[in-house]
Amino acid sequence: MKKRQLGSLEVSALGYGCMGLDSTYGKPLERAEAIKMIHAAVDRGVTFFDTAEVYGPFTNEELVGDGLAPFRDKVVIATKFGFGINPDGTRYGLTSRPEHILGVVEQSLKRLKTDVIDLYYQHRVDPAVPIEDVAGVLGQLIEQGKVKHYGLSEASVGTIRRAHAVQPITAVQNEYSLWTRNVEHNGVLASCEELGIGFVPWSPLGAGFLAGAITADTKLDSSDFRSNVPRFAPEAREANLALVGALKQVAEQKGVTLAQVALAWLLARKPWIAPIPGTTKLHRLEENLGAVNVQLTVSDLNAIEGAVSSIPVQGERLHKAALELVDR
């Protein structure tokens, strides 16, 4: 597995998004099977694993902690804070009050079975708390040795700059893929490059759509988050399949899969980008990791750009309530 630098943090070129192992996409894997998937990723060279307290909630961190315990000194664990979560798992909005962060970091450390979190993201920016206060608390946690690196997720350029001025940011995490390219136009990618901040695309395969796993006729269970996302409404899916068809032509010419084209495109954007695709299937894991060996030529990239620019994506990337929490 090739390596990449997120600021001063070295990670595998492709990480592993653990969210779907026990939540979000309908029926979760059995716990033993989920841990097998984590071990399979480690065996294949993945060193970068992404989770969050809100996944489950709480259970995903526990799963990742158990799965990575035998390899703790060989892997990078990233997790996130920022949602108010009651003991019963219900949420009460966003909160990044300093005292809240100091409390939840201890809980995440315990669930992850570790003494230090390698990369600690603010999951969503809390408009009620100055970002300078949040960055200051992360600086304290880094000084105390409980956190190694500070990150932000779905933050605006202004917030990134203000936070970075107080405590250097190692990585910014946003949705980014061939059908979600906001960060190319809102200044986030450019600011990361200017400031030496790494970038971590979540949902790099469009929640499976860019891998060809979803069609206009696919039935989504009500427990699958995609069932509430406008982009996955039946009429939008049918229109967006034109994009998949165009990418399929490039994939067939290269002798690779759709997923590999989509991930290779991201890897070709910048050397400080490390996507975190997730999967519950071993053959998909191996397929995804094969993207690091796919070399896209200038001709390939031009063909992809031409296809994407000529096919407008239908539907918002998140449901309305989730969209209100981004770009703050």
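**Close-up views of a predicted model**

**View 1. Arg72 in its loop.** Arg72 sits in the loop between H2 and strand E5 (76-81); helices (H or I, at least four residues) and strands (E, at least two) are DSSP runs, numbered from the N terminus. This is a predicted model, in which local features need pLDDT of at least 70 and side-chain atom pairs count only at pLDDT 80 or more, while totals for chains, interfaces and linings use all residues. Residues are numbered from 1 along each chain as its sequence is written, and side-chain values use heavy atoms, with hydrogens and water left out. Arg72 is buried, at a relative accessible area of 18% (buried is under 20%, exposed over 50%, partly exposed in between; 1.4 Å probe, protein chains only). Neighbours within four places in sequence aside, Arg72 is in contact with Ile77, Thr114, Val116 and Asp118 (contact means heavy atoms within 4.5 Å).

**View 2. Helices H2 and H3.** Helix H2 (residues 59-68) packs against helix H3 (residues 98-112) at about 45 degrees, with the axes 7 Å apart. Axes are lines fitted to C-alpha atoms, for helices over the stretch in contact, and angles run from 0 to 180 degrees between N-to-C directions. H2 and H3 are therefore oblique to each other (under 35 degrees is roughly parallel, over 145 roughly antiparallel, 65 to 115 roughly perpendicular, the rest oblique). H2 contributes Glu61, Glu62, Val64 and Gly65 to the contact, and H3 contributes Ser108, Arg111 and Leu112. By class, that contact has two nonpolar, two polar and three charged residues. Ala, Val, Leu, Ile, Met, Phe, Trp, Tyr, Cys and Pro count as nonpolar, Asp, Glu, Lys and Arg as charged, and the others, Gly among them, as polar.

**View 3. The loop between E4 and H2.** A cis peptide bond joins Gly56 and Pro57, with omega about -5 degrees. Pro57 lies in the loop between strand E4 (48-50) and H2. Phe58 lies in the loop between E4 and H2 too. Its phi is positive, near 75 degrees, in a residue other than glycine. Phe58 is buried, with a relative accessible area of 17%.

View 4. Glu154 is in the loop between strand E9 (147-153) and helix H5 (157-166). Its phi is positive, about 55 degrees, although Glu154 is not a glycine. At 1% relative accessibility, Glu154 counts as buried. Glu154 also lines the second largest cavity, along with residues including Asn174, Thr180, Asn186 and Asp327. On a 1 Å grid over the protein atoms alone, a cavity is a set of points where a 1.4 Å probe fits but cannot get out; a pocket is an open set with protein on both sides within 12 Å along at least five of seven lines; lining residues have an atom within 4 Å of a point. This cavity holds about 30 Å³ of space. Grid points are joined across faces, edges and corners, and a volume is the space filled by probe spheres set on the points. The lining of the second largest cavity has one nonpolar, four polar and four charged residues.

**View 5. The largest cavity.** The largest cavity holds about 70 Å³. Among its lining residues are Trp179, Trp202, Phe225, Phe232 and Arg317. The lining has six nonpolar, two polar and three charged residues.

**View 6. The second largest pocket.** About 200 Å³ of space lies in the second largest pocket. Its lining includes Lys2, Lys3, Arg4, Leu267 and Gln295. Strand E1 (3-6) and helix H9 (258-269) are the elements that give two or more residues to this lining. H9 gives the largest share, three residues.
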